Amino acid sequence: VHLGYTAEQEALRASVRAVLADHAPPPALRSRYLEPVRGLDAAWPRLVELGVADGLELRDLGPVLEECGRALYDGPVLPTVLTPELAAAGPVALAVFEPGRRYAWDAPATTVSAGRLSGTKVHVFCAGAAETLLVVARDDTGSVGLWSVPRAADGVTVEGEPAYDGSSPAGTVRFAAPAAQPFGAGAGAVAALLDRMVALTVVAGVGAGERALELALDHARTREQFGRPIGSFQLVQQLCVQMLTALELGRAAAHAALWALDTASPDDAHAAVTLAASWATEALPRLGADAVQVFGGTGFTWEHDVGLYCKRLLTLQHAWGDTPHHLARLPL
Amino acid sequence: VRLAHDAAAEAFRSELGAWLDEHAPTADELAEGKLSSGHLPDWARRWQRRLFDAGYLVPGWPRELGGRDASPVETLVYFEELARRRLPRALNPQGLGIVAPSVLDYGTPEQRERYVLPTLRGEITWCIGMSEPNAGSDLASLRTRAVRSADGSRYVVNGQKVWTSGAHHADFCLCYVRTDPEAPKHKGISVIVIDMRSPGITCRPLPELTDADFADFDEVFFSDVEVPAENLLGTENDGWRISMGSLGHERGMLWINQQVQLEQAVDALAATARDDHPHLADDAVFRDALATAWIDAQAMKLLGYRGFAKFARGQAAPEHSILKLFGSEAERRLNLVATDALGPAAWDARELCSAETYRPGPWVDQYLRSFAQTIAGGTSEIQRNIIAERVLGLPR
């Protein structure tokens, strides 16, 4: 077992970093931060050119998503890169959750009847940038599966949800009987797709956490009070060490989950994903808050990037299941 | 043990309650809000004036200063009652809580005349110029310079303040400046009153973490700002003592607002769970977290009462340092419990928090805004140092 990135993975990582530095750095993000419905951004076609949507194994997508997290990338890399089928339909958005049902997706009120889809989905990330919406719905027989609807189809409306984290644009999507094509059969296929989604979301969180820690460390090393860098004070050191611990345990668990998804049985993979998610949903939002605390007043401003990271990391608790949700699914 | 105030204090509460029923700002006025802690809209000026005229502005002070010679316990009841009704008392807390008492303690008769009553009546507002880019936790390192003119008639001020709450709306700044750069850092600081309309002052509001369009605090730049020498408060180079005194005013009561807000937020979260997210009622993890937050709020009140009893007897009360640390962290914990409990609904900024601890907004914003409490007025790290050194007597 190889626990670091290979030379090829490092090369891909560097390429992704360069593209995002050119096309999607935080200053560019800020210009669209308050628009919940956004079209496709300039970085996406360049990422596609790099091959991120060529059906890579999840292990190879690890460095890609870490970089996306570091840059707070707000484009549709997730879920588009999750499987070759999704990539072919891409860019795509997953419409999974419904109003008032938290993370329960396996008994949707959204229905498909005679090839027409009806219902409302909430928290659909990158709904505005997607060409294809993949919707969890049940058919006339009551069986649950994924259905594909072009976002531009008649009968599809996307309404932005004003969210606290502008790097995660989300929308409410209403389906007034547009035509839908079956995309994947059965709840098992949906569950497997969500495991991939959760694992790579955690990896992106690790990337964002890594950058937040870098910002905090840089501040702790250079900011002086009482005649010395604040990083020399043990209470500040304690905050930084706590952040590092959260990050490295999260990173280890996240990469183990990618490995398991590529190589292990679905049950073992699910266990590994759930473990990583349980850790990340609790520890990474805390890391973001600690980073703000290291900055003091500066961290509490709209202008400083550390606040953007703090908000992005907090979304780990709300996007694809919170800590109790994941803990309850650990197969102990 | 059941803690209750005595009959006299409860009589005071009834009398105050009856007055508030009649004179409190209307819901419409409260909803109008204000733009910053230095901004007094008309409704707020009228409200502060009613408090002043009725002797309810600073109850412990004499009648001519907007009080009624109330006892410490009555003052405690007063703060409890206002917080319980979610009524803002000091719309410009810098002026009422810090400037007025500091000018009363250290000002000349002319300064008291000019600043104290207009401040109490809500006619003028203040900001406090303390922190600077390189003087945050280490306030005594401040570098904003005030140099006496050759004829001694005025100071010329140059430098920069930051985190100056309400500066872009305030009429005056109680400003900490360096008047003797040669002296040890605590001994060369003076306090002067700066008219914020003076030429050479630029305010740059800094929007907060949660709101691109809401700024309470500012960066304030002073460029050759002329200040009459008579605006010196107290003795030149004795400003550090004033700063210690300034922050001590009302310290015995500051926790009350936070404690009541915490209690109200617990109630609001319980109601949200009951009414809007029914599955939470049976969620053992959530019930545990909510009960813990409730205990935090009650424990804070009990500790606050102990500290208050010492404060009222004129004794040192280390409880207040503990309350600042514990209260701000408890507030963060509770708001995080709320955002976690709401799950994906916390995402959507249209899901508002009924507790509205700071400003209207979703629970997530309340959580992010609560970060200010663990930073402002001394970070939690600084509080821990203070407790370790001054309360526990541990070596530096």
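Visitor: Is B:Thr75 buried or exposed?

Guide: Buried means under 20% relative accessible area, exposed over 50%, and partly exposed in between, using a 1.4 Å probe and protein chains only. B:Thr75 has 11% relative accessibility, so this residue counts as buried. Keep in mind that this is a predicted model, where local features need pLDDT of at least 70. Residues are numbered from 1 along each chain as its sequence is written, and chains are lettered from A in the order in which they are written.

Visitor: Where is B:Thr75 found in chain B?

Guide: Helices are DSSP runs of H or I with at least four residues, strands are E runs of at least two, and both are numbered from the N terminus. B:Thr75 belongs to helix H4 of chain B, residues 72–84.

Visitor: And which residues does B:Thr75 touch?

Guide: Contact means heavy atoms within 4.5 Å. Leaving out residues up to four places away in sequence, B:Thr75 touches B:Pro59, B:Gly60, B:Ala70 and B:Met253.

Visitor: Over to chain A: how many helices and strands are there?

Guide: Chain A has 11 helices and 10 strands. Of its 332 residues, 57% count as buried.

Visitor: What radius of gyration does chain A have?

Guide: That radius is taken over C-alpha atoms, and the globule rule is 2.2 Å times the number of residues to the power 0.38. For 332 residues a compact globule would come out near 20 Å, and chain A has 20 Å, which agrees. The C-alpha trace of chain A spans about 75 × 45 × 40 Å along its principal axes.

Terms used:
This is a predicted model: local features need pLDDT of at least 70, side-chain atom pairs count only at pLDDT 80 or more; totals for chains, interfaces and linings use all residues. Side-chain values use heavy atoms; hydrogens and water are left out.
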